[in-house]
Amino acid sequence: MLALPRSSRRAGGLIGWLNNAHVRAILYQVLTAAAIVLLGWYLVHNTVANLDARGMSVGFGFLDASAGFGISFTLIPYQEGDTYSRVFLVGIANTLLVAIISIILATVLGLIIGLARLSDNWLIRTLSRTYIEILRNTPLLLQIIAWFFGVFNLLPRPRDSLSWLDVFALNNRGFYMPAPLPGPGFEFVIAAFVLAVAFAVGLKRWAHRRQDATGQIFPALPVGFAAIVFVPLAVFWVLGAPLAWEMPELRGFNYQGGLSVPPSFCALVVALSVYTSCFIAENVRSGIQSVSKGQHEAAASLNLKPSWTMRLIILPQALRVIIPPTISQYLNVTKNSSLAIAIGFPDLVSVWMNTSLNQSGQAIPIVAMTMAFYCAASLTVSLIMNQYNRRVMLKER
Amino acid sequence: MSEPELVFRPKPARPAPAGTLGVIGWVRHNLFSSPANVLLTVLGAYAAYVVVSAVLDWAVFNAVWEADSRRECLDMVGRSGACWPGVAAWFWNLIYGLYPKDEVWRINLGFLVLVAWVVPLWLERVRSKVAIGLSAVLVYPFLASYFFLGGEKGLIWSLLIAFSLLTFVWVLATSVVERRTGRTLAETLLARVGAADADPAHQRRVLLWSALAALVVAYAVVWLWRLPETPTNDWGGLFLTLVISGIGITFSLPAGVLLALGRRCDLPVISVFCTVFIELFRSVPLITILFMFTTMLPLFLPVGVEVDLLVRAIVAVCLFASAYMAEIVRGGLQAIPRGQYEAAAAMGLGYWRSTALIIMPQALKIMIPTIVGQFIGLFKDTTLVSIIGLFDLLNMARAVGEDTRWLGLFIEPFFFVTLLYFVFCFAMSQYSISLERKLDTGHRR
């Protein structure tokens with residue numbers, strides 16, 4: 001056995017002490033913490049000095065002051081004299097509206113393009129690949145600006161607007177559609193819808209349990225679907241159709257009435273959904289390709305119908321690969337909607353971090369609140385994703 | 001007694017049925033295999049024809065190639081054709097921004113130096129690729145600042161530039177020597193001065209002194225050959241886009257590695273700090289970070305200190321890119337099997353040496369395609385600096401339509417700029433795909 005001389009094991013009190021892993025770990029952390037604290041103190045010190053020099057104070061008091069500027073498009077009611085806190089809410093509502101509509105459109109488009117990418121038709125495959133490569137290799141901001149200046153701004157004037165069945169109208173002032181005006185009793189229709197959905201879910205569960213127990217199959221899917229569609233419709237007719245539509249009409253120089261969105265909204269939604277659809281399409285493709293060929297063959301050898309193979313064998317395995325990156329794309333849509341500022345759509349960043357910040361000069365609280373919103377959105381999404389991942393994780397033995 | 005020998009003679013294979021071979025077979029199989037496919041093919045072909053012919057008509061056949069103003073273009077073809085003279089008149093600005101015309105050679109030379117610096121990475125028989133690659137990331141920026149920015153520099157900065165210049169000469173000489181002789185530059189130099197067999201201490205002394213002498217020469221060059229300063233306000237166009245994305249990726253690589261190591265380490269203070277930094281910067285959009293730095297950096301710095309707008313944008317882009325790079329590196333580190341860490345520890349390597357010699361090289365190799373993808377993303381994201389008022393490629397294209405002579409000319413410059421972005425990004429993504437194939441050693445688990 002090799003015995004070290006005592007002296008060399010204990011060599012140099014300080015050096016030996018510094019070579020102790022435990023001591024070192026504490027030392028590193030203390031140094032890091034000290035550096036962070038020093039940096040923070042330096043920043044705070046400078047900020048206080050700067051604010052003093054400009055005669056400003058920091059606080060959330062300004063939130064109750066009147067903002068005093070108008071917003072061109074608001075989802076929730078807003079008037080020019082409303083407070084800054086209202087502006088914040090308006091911005092969040094607009095951002096979420098753009099994000100949700102873009103997410104829905106992008107998912108539908110991405111699904112179609114992704115399936116086209118797997119088509120056995122060479123032309124369709126090539127066209128969808130070209131679509132994906134062109135759109136995902138050019139900057140999103142460029143696409144948003146191009147849609148805005150190149151398409152929605154060059155549309156005809158309201159008088160010559162493109163209209164579809166005189167119900168929808170599209171012109172250089174925006175997109176117009178009828179507004180629903182629910183009459184008395186319409187809430188019963190909604191209640192019927194909710195009940196029908198609950199019934200369909202329950203039916204599905206019951207059918208599943210019965211199949212497990214007896215092996216008998218009940219067509220829960222078509223029955224449930226029929227219930228969701230026809231029960232509310234029946235209630236609707238029984239109550240005498242309590243829903244009117246307010247049509248947009250051309251009066252003077254512009255359309256009045258109905259629901260409308262400005263061209264910047266259309267440009268933003270179209271650009272975001274087209275851009276994101278490429279990434280979703282690639283997710284769909286890689287997900288379906290990730291299911292091994294043996295699974296198809298095993299399903300075929302069990303004599304499953306092709307539709308069953310897709311629904312029971314392929315999709316559950318493909319979705320496990322498709323959904324996590326698609327959810328992070330949804331988060332990206334929410335973040336990318338902040339590019340609205342380039343074309344003047346009043347989203348959170350535009351009305352809050354730009355207009356309100358310039359008007360009130362309260363940089364610190366405004367930046368902090370904006371970041372808090374996006375962090376909250378991102379945390380929510382990662383929570384959902386972790387939940388999902390835990391649920392679908394392969395149960396390996 | 002010879003029996004007739006039985007020889008098995010296979011009949012020649014019959015030719016495949018007509019219509020499954022050659023062009024016809026391919027067309028049948030890939031385009032017209034079923035009625036639904038016939039319909040899809042016809043619809044697809046029609047859609048492709050409409051789009052391609054519309055674009056070609058507008059961009060080529062109906063386009064105006066010579067005119068002096070947009071009015072002239074509109075008089076000739078109206079809106080049915082593109083007006084390319086406007087883009088041609090602004091071409092210089094789209095590439096170089098407002099950089100003084102007499103000084104543009106500095107930009108060109110700077111990028112040529114970069115190309116010469118990294119070309120040896122793709123040459124065979126060059127052995128010092130790691131050193132060359134690292135020096136391109138860590139040392140080249142000083143030389144670039146000398147060319148692009150110019151102006152008076154302090155002693156230390158000039159020394160760094162001289163060192164960078166010297167490194168460039170070293171890269172060139174090393175790659176030439178190694179390609180020619182297969183030996184390193186140091187061995188060749190020592191053989192030249194007749195010290196090939198001298199003792200190592202003497203050899204080291206010779207090399208050190210010659211390096212120092214070369215550094216002095218390089219310093220003299222930098223000191224004598226001063227370039228006039230070009231303020232960053234004049235920077236713009238493709239040049240600015242490349243500078244911002246280049247600095248972003250250069251900074252984010254080492255910073256991302258450090259952050260990822262910090263996030264994975266056992267020391268709670270460091271790991272929490274790195275995690276908070278990464279998650280914070282990843283969860284907010286880049287534009288909010290840019291706004292934050294343009295509005296809050298002046299508050300954070302001592303009273304009276306002014307920071308260039310470009311510098312603020314670059315700081316924001318760098319921090320943003322580092323957070324994303326850290327997650328890429330973390331992914332690469334997670335893909336390294338535990339056995340590698342244990343083997344390194346069993347060899348008696350400490351944390352830093354096992355990380356630098358065993359773990360990182362393998363992790364970086366896995367990460368290269370993702371890093372290229374991240375670079376594409378960053379290159380596209382630099383367009384956001386146009387929102388805070390920098391004249392990058394996108395904003396320059398927008399400025400064309402605000403020129404009085406070319407008033408309203410938006411689509412043509414955007415088309416041109418889109419093409420530029422597409423060429424850059426597509427080339428990079430194809431390169432990353434080919435790298436992925438080349439690096440796939442089949443060890444993936």
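Reply: Let us begin with pairing between strands. Two strands are said to pair if DSSP finds at least two bridges between them. Strands of a sheet pair through backbone hydrogen bonds, either parallel or antiparallel. The model shown here is predicted. In it, strand β3 (residues 174-177) of chain A pairs with β8(A) in the antiparallel sense, over three bridges.

Me: Which residue of β8(A) is the bridge partner of A:Tyr176?

Reply: The bridge partner of A:Tyr176 is A:Ser260, in β8(A).

Me: In what order do the four strands of the open sheet in chain A stand?

Reply: The order is β1-β2-β3-β8 (chain A), and the pairing is antiparallel. β1 (162-164) and β8 (259-261) of chain A are the edge strands; each has a single partner strand, so one side of each is left without a neighbour in the sheet. From one strand to the next, the twist averages 15°.

Me: How should I read the packing of two helices? At what angle do helix α4 and helix α12 of chain A pack?

Reply: Angles over 145 degrees count as roughly antiparallel, and those under 35 degrees as roughly parallel. Helix α4 (residues 84-117) of chain A packs against helix α12 (residues 348-360) of chain A at an angle of about 155°, and their axes are 8 Å apart. α4(A) is therefore roughly antiparallel to α12(A).

Me: Which residues of α4(A) and α12(A) meet?

Reply: From α4(A) come A:Tyr84, A:Val87, A:Phe88, A:Val90, A:Gly91, A:Ile92 and A:Thr95. They meet A:Leu348, A:Val351, A:Trp352, A:Ser356 and A:Ser360 of α12(A). By class, this contact of α4(A) with α12(A) has eight nonpolar, four polar and no charged residues.

Me: Are helix α4 and helix α11 of chain B roughly parallel or roughly antiparallel?

Reply: Helix α4 (residues 84-96) of chain B and helix α11 (residues 237-264) of chain B pack at an angle of about 15°, with 2 Å between their axes. This makes α4(B) roughly parallel to α11(B). On the side of α4(B), the contact is made by B:Asn93, B:Leu94, B:Ile95 and B:Tyr96; on the side of α11(B), by B:Gly237, B:Leu238 and B:Phe239. Five of these residues are nonpolar, two are polar and none is charged.

Me: How many residues does each chain bring to the contact between chain A and chain B?

Reply: Chain B brings 43 residues and chain A brings 45 residues. On chain B, α2 (35-61), α12 (268-283), α13 (286-300) and α18 (411-439) each supply at least two residues of the side that touches chain A. α18(B) gives the most to that side, with nine residues. The side of chain B that touches chain A comprises 31 nonpolar residues, eleven polar and one charged.

Me: Into which domains is chain A divided?

Reply: Chain A has domain 1 (19-54), domain 2 (84-175 + 264-392) and domain 3 (179-246). The C-alpha centres of domain 1 and domain 3 of chain A lie 60 Å apart.

Me: Which elements of chain A have the lowest and the highest mean pLDDT?

Reply: The pLDDT expresses the predictor's confidence in each residue. Chain A averages 85, and 95% of its residues score at least 70. Among its elements, helix α1 (residues 6-9) has the lowest mean pLDDT (46) and helix α9 (residues 263-290) the highest (93). Over residues 1-10 of chain A the pLDDT is below 50, and this stretch has two contacts in the model beyond near neighbours in sequence. Chain B averages a pLDDT of 86, with 98% of the residues scoring at least 70. For the complex, the predictor gives an ipTM of 0.85 and a pTM of 0.85.

Methods:
Residues are numbered from 1 along each chain as its sequence is written. Chains are lettered from A and ligands numbered from 1 in the order in which they are written. This is a predicted model: local features need pLDDT of at least 70, side-chain atom pairs count only at pLDDT 80 or more; totals for chains, interfaces and linings use all residues. Two residues are in contact if their C-beta atoms, placed from the backbone, lie within 7 Å. Ala, Val, Leu, Ile, Met, Phe, Trp, Tyr, Cys and Pro count as nonpolar, Asp, Glu, Lys and Arg as charged, and the others, Gly among them, as polar. Domain bounds come from an automatic or database domain assignment. Axes are lines fitted to C-alpha atoms, for helices over the stretch in contact, and angles run from 0 to 180 degrees between N-to-C directions. Angles under 35 degrees count as roughly parallel, over 145 as roughly antiparallel, 65 to 115 as roughly perpendicular and the rest as oblique. pLDDT is the predictor's confidence in each residue, from 0 to 100.
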